[in-house]
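Please look at the sequence and the fold below. The text that follows takes up a helix pair, a further helix and some aromatic rings.

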Amino acid sequence: MMRAARPITDRQLSKSPHWSEIRPQLGAEEVENSALVGNSTSRGGFNGRKVRIGRKFDRGRLVAAVAIAALLLTGCGSPAAPAESAPPMAPESEVAPSPESTAGLAIMKKKAGIAECPKSDPNVPPARSGLPDVVLPCLGGGREVHLAGLRGKPMMINVWAQWCGPCREEAPYLADVATTNKSDLMILGIDHADPQPALAIEFAQLSTWKYPQLADPDVVLRAALQISGPPQTFFVRPDGTIAYRHAGSFKSADEIRDAARKYLGVSP
């Protein structure tokens with residue numbers, strides 16, 4: 001099975017901006033062109049400070065700026081990159097996390113009220129047309145999760161990132177459904193292509209997401225689930241097979257509930 005290579009820490013792995021500083025201006029047609037499966041569109045929608053680039057030529061700063069711009073376009077609206085291409089944000093180092101940094105993330109996670117990650121069977125082979133044979137860490141610390149080993153309940157898995165504008169737009173709808181959910185539906189989030197877990201936990205807290213959150217800092221799901229960028233949501237049957245992929249952001253909580261009823265037969 002594939003396993004995420006790097007531990008999840010709060011070290012600064014890149015110079016990507018805080019999600020509150022990004023000012024995406026995406027049109028619905030941009031997301032529509034990027035969708036691999038499904039028929040939804042999304043539109044960026046929050047204001048922030050503009051990032052200015054000085055006139056003095058600095059190769060390192062230019063490369064970093066281009067990488068950030070490419071990640072935003074890929075994650076929130078451009079066509080999928082080839083599976084073999086390099087991750088959009090490469091780590092500056094492979095330094096092991098310090099006990100202090102790991103403990104700090106755990107404290108943030110507990111304060112945010114984010115639930116512990118679910119148990120999974122590490123020995124279950126992946127189902128045909130199902131969740132991949134991938135092991136992901138739990139955001140903020142906790143047990144790892146073997147995606148293919150999540151069985152027994154219908155699931156809704158939302159792939160997101162704290163730097164993604166459309167993800168912020170749909171955040172309250174996900175929180176609404178999770179809060180009112182009285183069915184057997186398991187709701188799970190995956191923080192994707194995000195080098196700053198502390199900001200991701202902060203985003204989840206502000207979004208009032210209490211359900212479990214995994215992390216995919218090494219973008220292993222790009223190839224495993226053909227993810228061009230967040231947000232994307234998967235509706236998964238109890239046997240681990242994927243019933244439906246919704247590419248792009250949801251426009252209402254009722255839209256999420258309708259999809260759950262249609263593809264999984266549950267009413268959250």
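Is the crossing of α4 and α7 left-handed or right-handed? In this predicted model, the crossing of these two helices is right-handed. Two packed helices are described by the angle between their axes and the distance between the axes. Helix α4 covers residues 165-180 and helix α7 covers residues 253-264; their axes come within 8 Å and cross at roughly 55°. That angle makes α4 oblique to α7, because angles of 65 to 115 degrees count as roughly perpendicular and those under 35 as roughly parallel.

On the α4 side, the residues in contact are Tyr 173, Leu 174, Asp 176, Val 177 and Thr 180, and they meet Ala 253, Ile 256 and Arg 257 of α7. Sorted by class, this contact holds five nonpolar residues, one polar residue and two charged residues.

Helix α5, residues 197-206, has these buried residues: Pro 197, Leu 199, Ala 200, Ile 201, Phe 203 and Ala 204.

With ring centres within 6.5 Å taken as paired, the count is seven aromatic pairs. One of them is Phe 235 with Phe 250: the ring centres are 6.4 Å apart and the planes stand at 90°, so this pair is edge-to-face. Phe 235 belongs to strand β7 (residues 232-236), whereas Phe 250 sits in the loop between β8 (242-247) and α7, so the pair ties together parts 15 residues apart in sequence. Phe 235 is buried at a relative accessible area of 0%, and Phe 250 is buried at 1%.

Conventions. Residues are numbered from 1 along each chain as its sequence is written. This is a predicted model: local features need pLDDT of at least 70, side-chain atom pairs count only at pLDDT 80 or more; totals for chains, interfaces and linings use all residues. Side-chain values use heavy atoms; hydrogens and water are left out. Axes are lines fitted to C-alpha atoms, for helices over the stretch in contact, and angles run from 0 to 180 degrees between N-to-C directions. Helices (H or I, at least four residues) and strands (E, at least two) are DSSP runs, numbered from the N terminus. Angles under 35 degrees count as roughly parallel, over 145 as roughly antiparallel, 65 to 115 as roughly perpendicular and the rest as oblique. A crossing is left-handed if the near helix is turned anticlockwise from the far one by less than a right angle, and right-handed if clockwise. Contact means heavy atoms within 4.5 Å. Ala, Val, Leu, Ile, Met, Phe, Trp, Tyr, Cys and Pro count as nonpolar, Asp, Glu, Lys and Arg as charged, and the others, Gly among them, as polar. Buried means under 20% relative accessible area, exposed over 50%, partly exposed in between (1.4 Å probe, protein chains only). Rings of Phe, Tyr and Trp (its six-membered ring) pair if their centres lie within 6.5 Å; planes under 30 degrees apart count as stacked, over 60 as edge-to-face and the rest as tilted.
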